[in-house]
Amino acid sequence: MNLKVLVCVKQTFDTEAKIELKDGKISDAGINLIINPYDEVAVEGAIQLKEKGIAKEVVVVSAGADKAMDAIRTALAMGADRGILIKQDTGADEYARAVALAAVIKEENPDLVLAGHVAADDGSSQVPTRIAEILGWPHINVITDLEITDGKVKCSSEADGGSQVTEVALPAVISTQVSWNEPRYPSMKGIMQAKKKPVATVDAVAVENKTKIIEYSLPPAKQAGTKIEDEPEVCAAKLADFIKNVAKVEVKA
């Protein structure tokens, strides 16, 4: 096979980063930025398709600020062939990002689009589905396995209480679960080669957000718990009193 595979990646905060607000906005000062871990799984999956001779080219696309170039370069160091940075304000919502990505995908005309099913920062799980809707392509979500034969893609996906198998015709949009594979670490050779791989820069399609952020706020700090130390029967009595008179939990027979 000689499929062209395009992978959508998003640059996110490191999952261990401490979120802080400054002037009413999320501050990225001193924060390590990485490829969204779910998208990293999609990149690995695309590279494996190329190693198996199923894909002939792996293209990585990211919509965001200039900093997103780092995420693209990481994917190139892993083994992707070329990248495209869609310059877009970081305040773009899921709709605006999907429109921007879909426009580039339509221009690239790939056989298969891969992406993580959710981003680690906003957790919306909307962009891949929106892209498929805009393009009019079939979409399979949270896949854990993938097989391509005769112009069709068959995927195993997570489902309540088990799994399901879905087959659709290409081209298609597939969003991956993190359990699909284990992403490789870029080698030193890959990092050096990535510097020479082409990355195009385009402007995002100008559309208005569908949502408007009014305010950011951090969740309230956790209050210290109440510790009861005494003999078992005394503890039980104090706990019952706390549940009834302090926590105001209604107990029905």
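Just after α3, N109 takes a positive phi of about 55°. The model is a predicted one, in which local features need pLDDT of at least 70 and side-chain atom pairs count only at pLDDT 80 or more, while totals for chains, interfaces and linings use all residues. Residues are numbered from 1 along each chain as its sequence is written, and side-chain values use heavy atoms, with hydrogens and water left out.

Helix α3 itself covers residues 94-108, and because its 15 residues should span 21 Å at 1.5 Å a residue, the 21 Å between its end C-alpha atoms agrees with expectation; the expected span is 1.5 Å times one less than the number of residues. Helices here are DSSP runs of H or I with at least four residues, and strands are runs of E with at least two.

Eleven of the 15 residues of α3 are buried (under 20% relative accessible area, with exposed meaning over 50% and partly exposed in between, for a 1.4 Å probe and protein chains only), among them A98, L101 and I105. Their cover includes β1 (3-8), β7 (82-87) and α4 (127-135).

Elsewhere, L21 lies in strand β3 (residues 20-22) and counts as partly exposed because its relative accessibility is 32%. M69, in helix α2 (residues 69-78), is also partly exposed, with a relative accessible area of 21%. Leaving aside neighbours within four places in sequence, M69 is in contact (heavy atoms within 4.5 Å) with L85, V199 and T201.
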